[in-house]
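Q: Can we walk through this one together? I'd like to learn how to read its overall features.

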Amino acid sequence: MLLMVKKRFADAIRSGEKTLEIRSGPRYRNIWPGDTVSINGSFRRSVRSVERHELLSTLLRSLGGRHSQAGFRDAADADAAIRSCYSTSGGAIFYILHLEPER
């Protein structure tokens, strides 16, 4: 699957600094551990595991201590960035993809 990622985040994924990618929407329910994703069509990463969160609040709590792995400075940065990217009205399901270099 192709994931389009802002340059700042793509660079951090490429370097290995960012290992968590957050996505929302029904198309991501089909990503499983062992799958490979393409980042902006320029490089690939393997999906080690997938977390599913039905509420924004549980997603944000689950990031506790892992904000930098998701490319955020802190909890407030994560909250603001996620709210600016995704609708947080009812029905949104969030996925955290744990990425690693392709095997």
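Q: What radius of gyration would a compact globule with 103 residues have, and what does the protein chain have?
A: The radius is taken over C-alpha atoms, and the globule rule is 2.2 Å times the number of residues to the power 0.38. That puts a compact globule of 103 residues near 13 Å, and the protein chain agrees, because it has 13 Å. Keep in mind that this is a predicted model: local features need pLDDT of at least 70, side-chain atom pairs count only at pLDDT 80 or more, and totals for chains, interfaces and linings use all residues. Residues are numbered from 1 along each chain as its sequence is written, and side-chain values use heavy atoms, with hydrogens and water left out.

Q: Which pattern does the protein chain follow along the sequence?
A: Helices (H or I, at least four residues) and strands (E, at least two) are DSSP runs, numbered from the N terminus. Here you get three helices and five strands, in the order β-α-β-β-β-α-α-β.

Q: Which residues touch the most other members of the largest nonpolar core?
A: A nonpolar core is a set of buried Ala, Val, Leu, Ile, Met, Phe, Trp, Tyr and Cys residues joined through side-chain atoms within 4.5 Å; buried means under 20% relative accessible area, with a 1.4 Å probe and protein chains only. In this core of 28 residues, they are Ile 22, Ile 39, Leu 63, Phe 72 and Ile 82. Its largest share, five residues, comes from E5.

Q: What is Ile 22 in contact with?
A: Contact means heavy atoms within 4.5 Å. Beyond its neighbours within four places in sequence, Ile 22 has contacts including Leu 59, Leu 63, Phe 72 and Ile 82.

Terms used:
Buried means under 20% relative accessible area, exposed over 50%, partly exposed in between (1.4 Å probe, protein chains only).
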